[in-house]
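Trainee: Can you walk me through this one? I have the sequence and the model open.

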Amino acid sequence: MLVLGIESTCDETACSIVKNGNEILSNVVASQVALHEEFGGVVPELACRRHVDLMIPVIDKALAEANISLEDIDLIAVAHAPGLIGAVLIGVNTAKALALALGKPLIGINHIEAHLYAAVMSHTAPVKFPCLGAVLSGGHTALLLVNGIGDYRLIGETVDDAIGEAFDKVAKMMNLPYPGGPHIEQKAKSGNPHSYPLKPGKVKGSPFAFSFSGLKTAVLYSLAGQDSCGKRKESLTEEEICNMSASFQRAAFSDIIQKTIAAAEKYQCQSVIFGGGVTNNRTLREMLALEASSLELIWPSLGLSLDNAAMIAGLGYHRYIQYGSCDDFELEAHSRSPLLFS
Ligand code: KG4
Ligand code: ZN
């Protein structure tokens, strides 16, 4: 079964052709990072305009790379939640138009669920359920008990910033480019992770919930002083940037690792599937391999950590087999996620 997947929930316009849920025939991603970089974050209006320009060329490229035509497609899957509403709508309306014009079935996919599926489709052996799911993206941070594809129970999530968002904001405080995650990872390599005594946030009564806003404020005060009134210090030395990057990364990741291990123990999970852009971070993968050596750690493969449409097409295959397609006219775009965490 050939599935055409479309992803446009934030600042990546993507299309992919996936066979039977895991064989990737093409995976085209047009990133808008350069467009948003000068603003230090995604500008929704600009993102939407760029999605409109890129959508058809990206679909054409995905078909050409897979060496197939639109008529060969059996199903169209589109990320319909959560995300920037204007951006999500462009993907959803493109998918609806294609489905109607071609007479093909259509299915809406939750972007966050797809991030977790990216690890499942990257794994060479079938994933054994139940397992723990860890979503570490720019918009979400959560631990879930995964009983199977489509069967999730939320264990804990962030009460404020998502982990990727915290990376991006801390990077901005140090005048590093957007998105900040990869820059912090790079700078951290030359820094001392213990130079700033930063502590991750705890959420009273919720051992598996996350809080990164206190950590973010602690970074600001450490860099600029307690009397900074929220203003960042204008000039930081390279050494200060590297040391802060390493210290922040250590504090944020120790928190995630400690809660992941504790949740796996409590819910008796032997394996963990990881999803979201922050899983691209090599230091996180190395720290977990060291500290959680008794767990099977299942990561998205190269090209499937950050936003992509292969995870949408792959998950689309399973959801279609489980539930069939949706009514082409009924499918709605949602800025928040009504599916995975409900
Ligand atoms: O999953 P994703 O592509 O988009 C959302 O669904 O949110 O995640 C993007 C996030 C950004 O916040 C970015 O800074 C972060 O992932 N990220 C990283 C790394 N690469 C991307 N964070 C830490 N280390 C990285 N290497
Ligand atoms: Zn994402």
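Trainee: Where is Asn110 placed?

Mentor: Asn110 is in strand β5, residues 106–110. Helices (H or I, at least four residues) and strands (E, at least two) are DSSP runs, numbered from the N terminus. This is a predicted model: local features need pLDDT of at least 70, side-chain atom pairs count only at pLDDT 80 or more, and totals for chains, interfaces and linings use all residues. Residues are numbered from 1 along each chain as its sequence is written, chains are lettered from A and ligands numbered from 1 in the order in which they are written, and side-chain values use heavy atoms, with hydrogens and water left out.

Trainee: Is Asn110 buried or exposed?

Mentor: Asn110 counts as buried because its relative accessible area is 1%. Buried means under 20% relative accessible area, exposed over 50%, and partly exposed in between (1.4 Å probe, protein chains only).

Trainee: What does the side chain of Asn110 reach?

Mentor: The backbone nitrogen of Ile112, at 2.8 Å.

Trainee: Switching to ligand 1. Which residues come nearest?

Mentor: Gly138, Asp168, Glu185, Gly277 and Asn281, out of 20 residues around ligand 1. A residue is near a molecule if one of its heavy atoms lies within 4 Å of it.

Trainee: And what is the side chain of Asn281 doing there?

Mentor: An N or O atom in the side chain of Asn281 is 2.9 Å from a nitrogen atom of ligand 1. Elsewhere, an oxygen atom of ligand 1 is 3.1 Å from a polar backbone atom of Gly139, and an oxygen atom of ligand 1 is also 3.1 Å from a polar backbone atom of Gly164.

Trainee: How much of ligand 1 does the protein cover?

Mentor: On its own, ligand 1 has 550 Å² of accessible area, and the protein covers 90% of that. Accessible areas come from the Shrake-Rupley method with a 1.4 Å probe.

Trainee: Which element gives the largest share of the shell?

Mentor: α6, with four residues. The elements giving two or more residues are α4 (111–122), α5 (163–173) and α6 (180–188).

Trainee: What about phi of Gln268?

Mentor: Gln268 is not a glycine, yet its phi is positive, about 50°. Gln268 lies in the loop between α8 (238–266) and β9 (271–275), and counts as exposed because its relative accessibility is 64%.

How values were computed. Polar contact = N/O pair within 3.5 Å; in protein donor to acceptor, adjacent residues only side chain to side chain.
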